[in-house]
Structure formats: structure tokens, C-alpha cells
Amino acid sequence: MSSVDTVGKALAAALYADGDEGLDTGASLLAADPAADGELRLRGEEYVRRAWEGGWQPADVVRLVRRDLDEPHERLAAELITGESQRYGSRLAPRWKAQLAELAGLAPYRADRFSYATAVLELYRLLLRLPRIEPVDPPPGAAPLSIPSPHEPRMLSRIRALLAKAEATGYPEEAEALTAKAQELMARHSIDDALLAARTHGPDTPSACRIGVDAPYETAKAILLDAVASANRCRAVWNSAFGFSTVVGFEGDLESVEMLYTSLLVQGTTAMTRAEAAQRAGGRKRTKTFRQSFLMAYATRLGEHLAAVADEVVTEDMLPVLASRDVAVADQTDRMFPRTTATRVRGVTDLGGWQDGTAAADQAQVTPRRDRLTP
């Protein structure tokens with residue numbers, strides 16, 4: 001039997017059945033035929049290409065593999081994606097390149113032939129069943145994409161440094177000031193981009209990116225991301241089934257959303273851990289409800305603070321330009337997601353968690369204080 005036949009029979013047995021019997025049959029066929037390894041890899045690269053054509057990106061696939069399978073499958077996926085992406089050379093969007101760079105640190109998976117074949121088939125079964133989703137970039141190789149960041153490199157580095165310091169400090173007041181400064185720089189540069197595009201009539205149009213919203217407490221995290229997106233003149237649409245939100249907006253604003261959301265999530269998690277330790281020291285043990293209530297309060301209150309920032313930095317003469325960008329973002333969101341639905345948020349059941357989460361949001365607030373924001 002040729003290697004092509006071996007792989008064909010193994011895939012037929014394993015990929016279209018829900019139970020483990022087909023997996024065992026397919027893995028046994030592959031384990032007994034080392035000559036089939038090359039053909040098996042080619043089939044995997046084909047499944048990866050189908051995923052790209054269906055709107056998926058490397059980070060999306062790896063996130064889903066990490067959630068639904070195990071660590072060996074994540075390493076197999078990273079190796080397969082990295083190898084398949086080499087065929088495109090430089091014809092990759094910047095976010096693709098960044099996502100591929102994050103996969104470079106994962107070590108290859110090594111195991112006995114049967115275990116290895118089983119893991120490969122489980123991964124392929126997941127890849128084969130991926131549905132089509134809304135694309136946020138052309139598939140790799142479709143066009144030579146090189147979209148420069150609207151943010152000035154020095155300003156972008158400064159924002160990242162401020163947020164890193166806010167995450168690292170143990171003093172809430174210092175974290176507040178550092179985060180406020182970062183948000184001020186983001187808002188200021190976003191308005192400058194909008195005014196420049198309006199004056200030059202440049203071809204500045206909204207784009208989109210996807211940001212992971214991982215369990216646990218994903219509802220609170222999605223609410224926090226929505227608040228950050230709204231404050232930065234973007235729209236966020238949460239896909240709870242696949243663990244991500246798609247954020248639609250202008251490119252510079254998307255960068256701001258990614259940075260600020262990540263930082264506020266780190267700050268919130270740190271504050272939650274500290275508050276939970278204090279609660280447990282007092283004899284409380286309902287940690288799950290406490291954490292959920294804490295993060296819900298944190299996200300809700302930060303939404304209020306961020307909305308206040310958005311109003312404060314805008315002057316009346318900027319309103320027409322910003323309104324036209326808001327309309328463009330709304331139109332793009334409606335084109336990408338013509339059928340969105342509202343989700344009922346589960347009630348908060350831990351008063352202590354809500355109070356502590358609200359306090360943590362107040363300490364991480366991003367309302368600019370002019371005496372602290374002098375460049």
C-alpha cells in the first residue's frame with residue numbers, strides 16, 4: 001500500500017467519526033508506515049490553508065486548539081502553521097507576522113509513533129471542522145501587505161512602557177497615573193490621525209482585528225474589552241463559541257485597544273488576587289463567585305471611566321470629523337456582522353467581590369489629570 005493510500009485510509013477512519021475507535025484505527029495505520037509521514041504533513045498543511053480561506057488566523061487556531069485539545073496538539077499546530085506559512089514569504093499582513101513570531105518559541109512535539117499519530121489526527125479533525133468566520137485580513141499570499149503603524153514608533157514605545165510600569169507597580173495611585181498618561185497619548189494621537197486624514201482626504205478606512213477572550217470569567221472580560229473598544233472609537237463583537245472578540249476600527253485605534261485591554265486585564269487580575277487573599281484571610285471561601293463579581297464590577301466601572309475620558313478629550317470643533325469616523329466604523333461593523341444578538345449577562349452574586357472590583361477600577365481609572373500628564 002502506498003503512503004498516499006495509507007494516509008487516505010487513516011484520515012477516512014479517523015476524521016469523520018466522533019468516537020475513539022476510528023482514531024485508534026487511523027493511528028495504527030500511520031504508526032506502521034513511516035513512509036507516510038510526508039504525505040500526512042501535506043494533508044495537514046492543506047487543512048491549514050482551508051482555515052485561512054475560511055477567515056481564521058494563526059492565533060485563532062492555536063487559541064481554539066489550546067482550549068479544546070491539549071498541549072501536544074498546540075505544539076503540533078504551531079509547527080504545522082509555521083511550516084505552511086513559509087510558502088508565502090513576505091506576502092503576509094503585519095498581524096500575521098506578529099502571530100507567527102509568537103509561535104516560534106513552542107518546541108516540537110515528540111512521542112512514540114502511535115501517540116504522535118493519534119495527536120495529529122485529533123488536530124486534523126478539529127481543523128477539518130472549523131466553520132467559516134468573518135475575515136479580518138486577506139488570506140496569506142493574496143497580496144503583498146505592508147500596512148505601517150499609524151502610531152509614531154517613539155510614541156508607541158512610550159505607551160507600552162507606561163502600561164508595563166502600571167502593571168508592575170504595587171501602588172494603585174501610581175498605576176492610575178501611568179495608565180491615565182497612556183490613555184491620554186492614545187486619545188491625542190487618534191484625534192490627530194482623524195484630523196490629518198480629513199485634511200488630506202487620505203484613503204483611511206476602518207479595518208478589524210481579533211482579540212482573545214479566554215475563560216474563565218469570559219463574560220466580564222468581553223465587557224471590559226467592549227468598554228475599551230468604545231472609548232477608543234471602535235466596536236467589539238464577541239464570539240463566545242470560539243473565545244474571541246472582533247474589534248472594528250481605524251488601525252491606530254485598534255492598536256490602542258489591544259494594548260490598553262491587555263494592560264487593564266493584567267491590572268485587574270492582580271488587584272483581584274490581592275483582594276481575594278484579603279477576603280480569604282477573613283474566613284471567606286467563595287472564591288469563584290467572588291472573582292466573577294469582582295471582574296464584572298471592574299469592567300462595568302472602567303467602562304464608565306473610559307467613557308468619561310472619551311468625552312473629555314474631544315472639543316466641539318472635532319465633532320464632525322470624529323462623527324464621520326464613527327459612522328464608517330459602524331457601517332463596517334454592520335457589513336461584517338449583519339446578524340448580531342444581545343447576550344444577557346449573568347447576575348452578580350457576591351457583594352464583596354462587586355465592591356472590591358469597583359474599588360480596583362477606581363484605582364485603575366484612566367481619567368486624565370492634567371497635572372500628571374505634562375509631556
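Student: Which residue of strand 3 is the bridge partner of A236?

Tutor: In this predicted model, A236 has V247 in strand 3 as its bridge partner.

Student: What makes strand 2 and strand 3 a pair?

Tutor: Strands are said to pair if at least two bridges are found between them, and strand 2 (residues 235-239) and strand 3 (residues 244-249) are joined over 5 bridges in the antiparallel sense, so the label of a pair applies. The hairpin that these two strands form has 4 residues between the strands, and within that hairpin G243 takes a positive phi near 75 degrees.

Student: What makes strand 1 a partner of strand 3 as well?

Tutor: The cut-off is again at least two bridges, and 6 bridges join strand 1 (residues 207-212) to strand 3, the two running antiparallel; therefore strand 1 and strand 3 also pair. Within this pairing, R210 stands opposite T246 in strand 3.

Student: Why is strand 3 called mostly covered, and what is known of its two faces?

Tutor: A residue is buried when its relative accessible area is under 20%, and 6 of the 6 residues of strand 3 are buried. In a regular strand the side chains alternate between the two faces of the sheet. In strand 3, F244, T246 and V248 on one side and S245, V247 and G249 on the other are all buried, and both faces are accordingly covered.

Student: Why is L254 called buried, and where in the chain is it found?

Tutor: L254 is found in helix 11 (residues 251-281). Its relative accessible area is 0%, and because the cut-off for buried is under 20%, L254 is counted as buried. Leaving aside residues up to four places away in sequence, L254 touches R95, S207, A208, C209, C234, V247, V248 and G249. The C-alpha atoms of L254 and R210 are separated by 9.7 Å, although the two residues are 44 residues apart along the chain.

Student: Why is Y217 called buried, while R233 is called partly exposed?

Tutor: Y217 has 13% relative accessibility, and since buried means under 20%, Y217 counts as buried. R233 has a relative accessible area of 24%, which lies between the 20% limit for buried and the 50% limit for exposed, and R233 is therefore partly exposed. R233 lies in the loop between helix 10 and strand 2, and its phi is positive, about 60 degrees, although R233 is not a glycine.

Student: How do you know that there are cavities, and what lines the second largest cavity?

Tutor: Rolling a probe the size of a water molecule over the atoms shows where empty space is left. A search of the whole structure finds 4 cavities of 30 Å³ or more, and the second largest cavity holds about 90 Å³ of space. Its lining comprises 12 residues, and those nearest its centre are A187, S190, A231, R233 and V313. Helix 9 supplies the largest share of this lining, with 5 residues.

Student: How much of the chain as a whole is buried?

Tutor: Buried residues make up 49% of the 375 residues in the chain, which has 14 helices and 3 strands.

How values were computed
Residues numbered from 1 in each chain as written. Predicted model: local features only at pLDDT ≥ 70, side-chain atom pairs only at ≥ 80, totals over all residues. Heavy atoms only, no water. Buried < 20%, exposed > 50% of the residue type's maximum accessible area, 1.4 Å probe, protein only. 1 Å grid on protein atoms, 1.4 Å probe; cavity = no way out; pocket = protein on both sides within 12 Å on 5 of 7 lines; lining within 4 Å. Points joined across faces, edges and corners; volume = space filled by probe spheres on them. Contact = heavy atoms within 4.5 Å.
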